[in-house]
Amino acid sequence: MAVHVGQAELRVRQQQALDAARGELVASTERGEGGRQALARFSDAVDEILRDLVEAVAAETGTPIAVCALGGYGRRALSLHSDIDLLLLVGGRIGRPEERFVKALLHPLWDLKFAVGHHVRELDDFDRLETDNPEFLLALMDLRQVAGDRALFDRFDGILRASSGHWHPQILDALVTLTDERHIQFQDTLYQLEPDVKDGPGTLRDIWATRTILKLAGEPRAAAAVSAPDRLRDAEEFLMQVRSGIHLDMGRNVNVLSYELQEKAADRLKYVGPDARRRAEALMTDYFRHARAVTRVLGRVRRAAKPVPATPIRLIGQNLMWVVEGITFADMKQAAAFPVSWLRAFEAAASRNVQVADEALALMEREQEANRHAPGTFLPTAGDRHRLMQFLRPRQGLAAHLADMRDCGLLGALFPEFDEISCRVTRDFYHKYTVDEHTLLTVRNVERLLDHPRFGPVLRELPAPELLVLALLYHDVGKAREGNHSEVSADMAVPMMERLGLDDHAKETILFLIRNHLKMSRVAFRRDTEEPEVVKQFASLFSTEDHLKLLWLLTLADVGAVSPDTLTGWKEELLWRLYVDAYNQMTLGYGDEIIDRSEAAAQLRAGRPDDISEPEIAKFLEGLPRRYLMLFTPEAIYRHVRLSRDVTADDAHFFLENKAAVWELTVVSLDKPFLFSNISGVLSYYGMDIVRGHALTSLTGLVLDVFQFIDRDRFFERNSQGRQQFDRTLIDVVAGRTDIRALLKNKERSVVFRRAPLVRRTPVIYFDNEHSQRYTVLELVADDAPGLLHRVSRVISEHGVDVDLVLISTEGQKAIDVFHITRGGAKLAEDAEAALKGDLDRMLKESA
Amino acid sequence: MKLIKAIVRPNMVDNIKEALGKMNIAGMTVTEVRGHGRQKGHTAVYRGREYEVSLLPKMEIEVVVPDPAVDEAIKAIIGAARTGEIGDGRVFVMPVEQGYNIRTGEKDVV
């Protein structure tokens, strides 16, 4: 029964009710409990106020009117300072009495300082739904009657249901468009340093959008794509609590979680940590975890809501098939039982440049969450581990696959150390992304480098680019723990490398890159790189040019992943110049840096074997370039010392080793004309492809040549006496008993020997007289070809030029050879250079 | 008030910041720029090929200081940025009519 109450009394009562409700919500928020239940209680209290008001003003009209809540209020998720959206549904024509009703209802609400959004509509307006106003129709998805005429509301609800087949598909499309437009306002990324917890990607509005799509699509596939419905509820609870805190702190309807508010929210939600920054980082780590889960579910639901055309299913392997959505499992139960097949799905997707389908990702996510499989489950055999390394080779789409693997839990299962940085926040003004996202962006940057005119060729020519990706995956994992993160990351990479069974070279490379991943940017951006000593010191970090190249590419990828604007053309230029200067220092300028007796003894004394004396080591090393100590391990150096014993002019002491994919020939001899050319000639004669190597000459005339080569024709494997035959030829050629030119003459005519390169490039012959005080440095870049090194070095020797140091490298089909040369103990004169260049040019043209 | 604009070597920014900090000049704007003065770049050679490096990376520092502090600030910048080699950079000084704090709307008093 309606009770007449004076207006003033009503207002006082309602203000008290509202104050009490707000007080309760504030108290809950202060306790860190401003989530779903608190907001529902607040919404209910506002319902009561509305009902009270409607009852008080009902006498203004005899027309039935239903007062309905829309939007967040309709969902009983009203925040402290939220607008309240109302639909006043009139069951007849709107005349003066109805207008009086509306005013009488709204004015007290405004007096209570509510921001009210209201629609006043006649029921007849809905005979034909206005599909050109999708926002209003979307708001109707959360329609809830609060007060007024129930029968009228039921009629309206019936109309909406009856016509849902007509308007639901239309607003589904509209919702997707509106969602995209909203995301664009946030640069389409959930990684916001100060996020909007209501409208930003991965926040409350996306949770609503996900649920609305599920309702509108009515598609069981969409529901199945929500791998864990609890995730959405957890995210909603967290975001509501945070939003309640923002409203409380700001005293108005704003939803941006600023830096300052992050610290308050962290304290309110009882995050622990040694200081405010750490507590805020922990809060933001949770924020990003939730936002990412919401984004993932929304994406899957959106894709699943679209009708899928019938397409043929292609079986592409054991329990794997290729469907329109990508690669999936033929039998889900079998896939759940054999986690090894999960990585196979990603391999299949990567090789076909398609995605792994959502249903397969959802299965992996559910199974990994339930079973927490250890890394070994996925990589039981050496073959599986090898396949993983192949999968990690840079290619287009790799980062996207790694992101999918991370999201479904497979990446964290394979690399538990990586899992520790999941959603980890580094709170400063430089890092825009969480640590794991930053890491995956570095991999995406590596993909982009592949097509870059300057960086692409270097990346493509690396012998094991997967090591770069693996180093990037681990370069920041140490940020999850205390201490210098470069060192901690390296320590954390060790167990991973053991699990993967990596060889020593790979381990050393990865550890080097992780430990030094900040060095190059520090030197390039903060030191005077025009100072030769700075470059020299930087170059001394590297044992090989490959390490320099890897660190350069890693730095580019790393800096570029800090935020979209961090790697400017300016910084790229500085890094490029430092790379070139260091590369030139390593290849052109290292000849002047000589090991002195005391230094050598000090460095190698510690692990000296009993059979080698300190003076013997010192004598061997004296006059060799200092770089030698970087190139070889102490064990290798001791072997070289032993080889050098009693070597004579016509003698060569050597050993040949099979090192996995390559062979290595180490020769110690005394310097004499054509020596280098003759040894490389022997390798060519036996069909060996020289891929890299060094020749070093000490001031005392001792020569150390190390060649790494590939036995492409498997000569050693096919000939039981092959090794002995090779040894004999080498000894005879060095002693001068056999003329290698004569042996090679017939061979050079054969078709096999004259393998044509896939791409022909004009050879580059360059003389440098700046980088070294002692040497003219000849740099030659040409198409690699059998016997090239032999022919080049022979032409050089024919000019009476001494070759003291040689660096040999092969990148793809390109040979890059650097010779440190003198004539008569001095640098080459201009005319001598010109004559040598002319003959080299002629020889290269004839060879081509 | 004067606007001091200094074009300096990239690695000198920290030195300059420290030198100005000692004068209690804390606010500055730093921009990555490229250019050349008398130091017209050089040729870099990589794998036997020559690359012209005509515009060199530099940093531009802008700082607004009260008139009485201008000379000392210039000295501090030059002292912190000098190596004695070509390419150390330039300092320019320009008058500033007014300055405002956007947050408070207050006019700078000099």
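This is a predicted model: local features need pLDDT of at least 70, side-chain atom pairs count only at pLDDT 80 or more; totals for chains, interfaces and linings use all residues.
In which sense, left-handed or right-handed, does α7(A) pass α8(A)?

Two packed helices are described by the angle between their axes and the distance between the axes. Here, α7, residues 164-185 of chain A, and α8, residues 204-217 of chain A, pack at an angle of about 160 degrees, and their axes are 10 Å apart. Angles over 145 degrees count as roughly antiparallel, and that makes α7(A) roughly antiparallel to α8(A). As for the opening question, α7(A) passes α8(A) in a left-handed crossing.

Who meets whom there? On the α7(A) side we have A:His168, A:Ile171, A:Leu172, A:Leu175, A:Thr179 and A:Arg182. Facing them from α8(A) are A:Arg205, A:Ala209, A:Thr212, A:Ile213, A:Leu216 and A:Ala217. Sorted by class, this contact has seven nonpolar, three polar and two charged residues.

Strands of a sheet pair through backbone hydrogen bonds, either parallel or antiparallel. This sheet is an open one of eight strands, with antiparallel pairing, and the order is β8-β9-β11-β10-β14-β15-β13-β12. At the edges stand β8 (652-659) and β12 of chain A; each has a single partner strand, so one side of each is left without a neighbour in the sheet. From one strand to the next, the twist averages 15 degrees.

Let me zoom in on one end. β12(A) pairs with β13(A) in the antiparallel sense, over five bridges. Lying across β12 and β13 of chain A is helix α39, residues 830-847, which runs at about 160 degrees to β12(A).

Those two strands come back when we look at chain B. Between the chains, 20 residues of chain A are in contact with 15 residues of chain B. On the chain A side, the elements giving two or more residues are α26 (519-526), α29 (569-587), β12 (764-768) and β13 (776-783). Which of them gives the largest share? That is α29(A), with seven residues. By class, the chain A side has ten nonpolar, two polar and eight charged residues.

Now for a helix in quite another setting. In α34 of chain A, residues 675-685, eleven of the eleven residues are buried, so this helix is largely enclosed by the rest of the structure. Among those buried residues are A:Phe676, A:Asn678, A:Ser680 and A:Tyr685. After α34(A) comes A:Gly687, with a positive phi near 75 degrees.

Finally, a few loops. A:Lys270 is not a glycine, and still has a positive phi of about 65 degrees. You'll find A:Lys270 in the loop between α11 (259-268) and α12 (276-305) of chain A. Is A:Lys270 buried or exposed? With 9 C-beta neighbours inside 10 Å, A:Lys270 counts as exposed.

Over in chain B, B:Asn24 also has a positive phi of about 65 degrees without being a glycine. B:Asn24 sits in the loop between α1 (13-22) and β2 (29-35) of chain B, and counts as exposed with 7 C-beta neighbours inside 10 Å.

One last stop is A:Gly62, in the loop between α2 (36-57) and β1 (65-70) of chain A. The C-alpha atoms of A:Gly62 and A:Pro97 are separated by 8.1 Å, and the two residues are 35 residues apart along the chain.

Notes
Residues are numbered from 1 along each chain as its sequence is written. Chains are lettered from A and ligands numbered from 1 in the order in which they are written. Two residues are in contact if their C-beta atoms, placed from the backbone, lie within 7 Å. Helices (H or I, at least four residues) and strands (E, at least two) are DSSP runs, numbered from the N terminus. Ala, Val, Leu, Ile, Met, Phe, Trp, Tyr, Cys and Pro count as nonpolar, Asp, Glu, Lys and Arg as charged, and the others, Gly among them, as polar. Axes are lines fitted to C-alpha atoms, for helices over the stretch in contact, and angles run from 0 to 180 degrees between N-to-C directions. Angles under 35 degrees count as roughly parallel, over 145 as roughly antiparallel, 65 to 115 as roughly perpendicular and the rest as oblique. A crossing is left-handed if the near helix is turned anticlockwise from the far one by less than a right angle, and right-handed if clockwise. A residue is buried if 20 or more other C-beta atoms lie within 10 Å of its own, exposed if 12 or fewer, and partly exposed in between; C-beta atoms are placed from the backbone. Two strands pair if DSSP finds at least two bridges between them.
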